[in-house]
Every structure is written in structure tokens, then in C-alpha cells.
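Please look over the sequence and the structure before reading on.

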Amino acid sequence: PKTDIVFLKVHKSASSTVMNILFRFGETHNLTFAFPAGGGNQLFYPHPFLARFVQGYSARSPRQFNILCHHMRFLEPEVQKVVSSSAIYFSILRNPVQLMESSFVYYKGTSAFSRAHSLEEFLSQPYNYYNPADSNSHYAKNLMTFDFGFNPDGEVSPERVQLMLKGIEESFDLLLISEYFDESMVLLKEMLCWDLDSVVSFPLNIRDSSTKSPLSDTIVEKIKDWNRLDWEIYTHFNRTFWERINRDIGQERMQREVKALRERQAELARTCLQGMGSVAPKDIKDSSLRPLQHGNAKILGYNIKQGLDKETERMCRRLVTPELQYSSALYKKQFAQKLP
């Protein structure tokens, strides 16, 4: 199994679920994480990543970590200072239309979105609300482009788009697609030589459908236009994703693998969860399993069955622990004061 990994955690793209998979694998195999200095949740995002943002890194005695997976704005030369040169790089993309709808609800407090009553209103005259100079403007336009380290306000010329796609292709070994999450996990498992249980997950940091709104065709087109660079990234890598499946795995085997993954997930849900699925934040009985609530989104969580044996309970708890709680527990474990 590969143990040196860089995951670029793109916002609002099922990346919290992927992070849980990496946390569990790292914890099980006693791997080290490149944590944000001071134990925060992001690597000083939205600043471009620097090696010195990582807890325990110093230029005088540089050390390498197994897994880098907290939110960052990608800057490869700096990333290379904190991980092994053989590390596998991957990320996950989401359709920019759904991504923007999600961001508008989740990041409602940001300067670009706070004054617009609806996404329609924002898109009807975006420059009334959007100012590229604002410190949190990146949430409102070409968010994936920004996370990959490119300029979200750059012009959309064929040459520039090609350079950007080429840059991403040269840095990353695999780009997953959140709309095809199960297929993505099969590809990830293959590339990392992991077993099935390592990539099984329950969806984390997802919001209640009551805060989701259907989008008209007009709005969809406006979102694509406004996020043109993201759209170019997504359509290109969605295509190469399927090319890779056809080349490396084949449709038939992929269907078998996905079926096995879903069956194992259902089995774990029966073992671990009360009521088989996610619940509203107010219905989560164990406060340590309650995810952070953000913006206008209602973020769902889980209840674990009572009366499980210790080992099963630990496995189940890992599967449903929200990102912030899991991250801080692993941080404490990794930097526990060494007793003399």
C-alpha cells in the first residue's frame, strides 16, 4: 500500500469524506500528517501553501510527512518540501454548477454573497457584488481554479486554458469526480494498492436537502459562464476520468467493484448506524459527533448504535467523526508531549 500522499482538498466537492478515508488509513497505519501549524483546520488558506505552514517543519531540519490533506491553495514547489518525492498526488472535482449553488449557501457570509438575496440575484449582475480584491472573493468565482493555485479572474483564452490543464496534469496522478464518488474510490484504491475497507465511507459534511434549490436552465448557463475556468477543468478531467476507467479497469470490472463497495457500505451502515442514515444536527445525540454548522447550510451527521463491542465501536466512530474533531484528535496524538 502507498503511504505517501498529497490530497488537494477542493472546497465543497465531497472532500471531507475523502479526508475521513485518509485520516482512518493514516491512523490505522501509524502515519504522520502535515498538520497546520498551531493545530488549525486549514493550511493558512487562502494564502498559497508554504512549507512553514506545517507544524513541526523547519527549513533548518526539514522533515517529511506521510499525508498532506488539509485545505490549502496548491503550490507544488512548497508542497515538495514536506512530502517524499515518491508521494502520490490526487484531488477531487465537482460540477461547477452544483459547486456554486453549494458555495452560495455555505459561504453566505462572504463579501460577494452576503448582500445578494439569491443566487439568481447575484448572477444577474455579479460585479455589483463581486470584487476580486476582497480577501474572500475566491469563494464566489472559479473556486476550483483558485484552489489549484491559478488566477480565478484570468482571461479565458484557449492557450491559457491549455496551460492550466497541462499544469494540473503534470502535478497530479489522479483527479476524482465527486458525482461518481464510488467509481472514484475504486480508482483510488487501485492507484494506492489499498483494500476495499480502506476506501469505504459514509458521506460527511453534507447538507440537508431542505437548503438545496433546483436551478433553472438559464441559471445553469450563467453559472457555467461565470465559472468558465472551473467548467473547463471539470469537463476535461471528467473526460479523462472515464478514459482512465476504460483503459485501466474496464466497464464490467468497474461495475463489479462498485457493487462490492456499496454492499460493504450498506453492511457497515447496518452494523454501525442507528436508523441506517444521516440525521439533522439537532438529532445527533453525541455532541462530539456533531459537525460544524456553517453559513445557511444545515450539515447532517450520524448516531452510532448503542451496545457495540469496543473494537466495532471504534471502527464505527472513525467512520462518522466529523473532520474538525478527527483532525484535532489526530493532531493531539501526533504531537503528544513526549514524557521524559
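Which residue just after α1 takes a positive phi? The residue is Asn30, with a phi of about 55 degrees. The model is a predicted one, in which local features need pLDDT of at least 70 and side-chain atom pairs count only at pLDDT 80 or more, while totals for chains, interfaces and linings use all residues. Residues are numbered from 1 along each chain as its sequence is written, and side-chain values use heavy atoms, with hydrogens and water left out.

**Helix α1**

Helices (H or I, at least four residues) and strands (E, at least two) are DSSP runs, numbered from the N terminus. Helix α1 covers residues 15-28 and has 14 residues. From its first C-alpha to its last it reaches 20 Å, close to the 20 Å expected at 1.5 Å a residue; the expected span is 1.5 Å times one less than the number of residues. Of the 14 residues of α1, 13 are buried, so the helix is largely enclosed by the rest of the structure. Here, buried means under 20% relative accessible area, exposed over 50%, and partly exposed in between (1.4 Å probe, protein chains only).

**The cysteines**

A disulfide is a covalent bond between the sulfur atoms of two cysteines; it is assigned to a pair of cysteine sulfur atoms within 2.5 Å. The structure holds 1 disulfide. Cys272 and Cys316 form it, with their sulfur atoms 2.0 Å apart. Cys272 lies in helix α13 (residues 251-272) and Cys316 in helix α14 (residues 310-320), so the pair ties together parts that are 44 residues apart in sequence. The torsion about the S-S bond of Cys272 and Cys316 is about -70 degrees, and the disulfide is therefore left-handed.

| Cysteine | Relative accessible area | Class |
|---|---|---|
| Cys272 | 0% | buried |
| Cys316 | 0% | buried |
| Cys69 | 0% | buried |
| Cys193 | 46% | partly exposed |

Cys193 is in no disulfide, and the nearest cysteine sulfur, that of Cys69, is 19 Å away. Cys69 is likewise in no disulfide.

**Helices α3 and α11**

The axes of α3 (residues 96-106) and α11 (residues 217-226) come within 9 Å and cross at roughly 95 degrees. Axes are lines fitted to C-alpha atoms, for helices over the stretch in contact, and angles run from 0 to 180 degrees between N-to-C directions. The two helices, α3 and α11, are therefore roughly perpendicular, a term for angles of 65 to 115 degrees.

Conventions: Angles under 35 degrees count as roughly parallel, over 145 as roughly antiparallel, 65 to 115 as roughly perpendicular and the rest as oblique.
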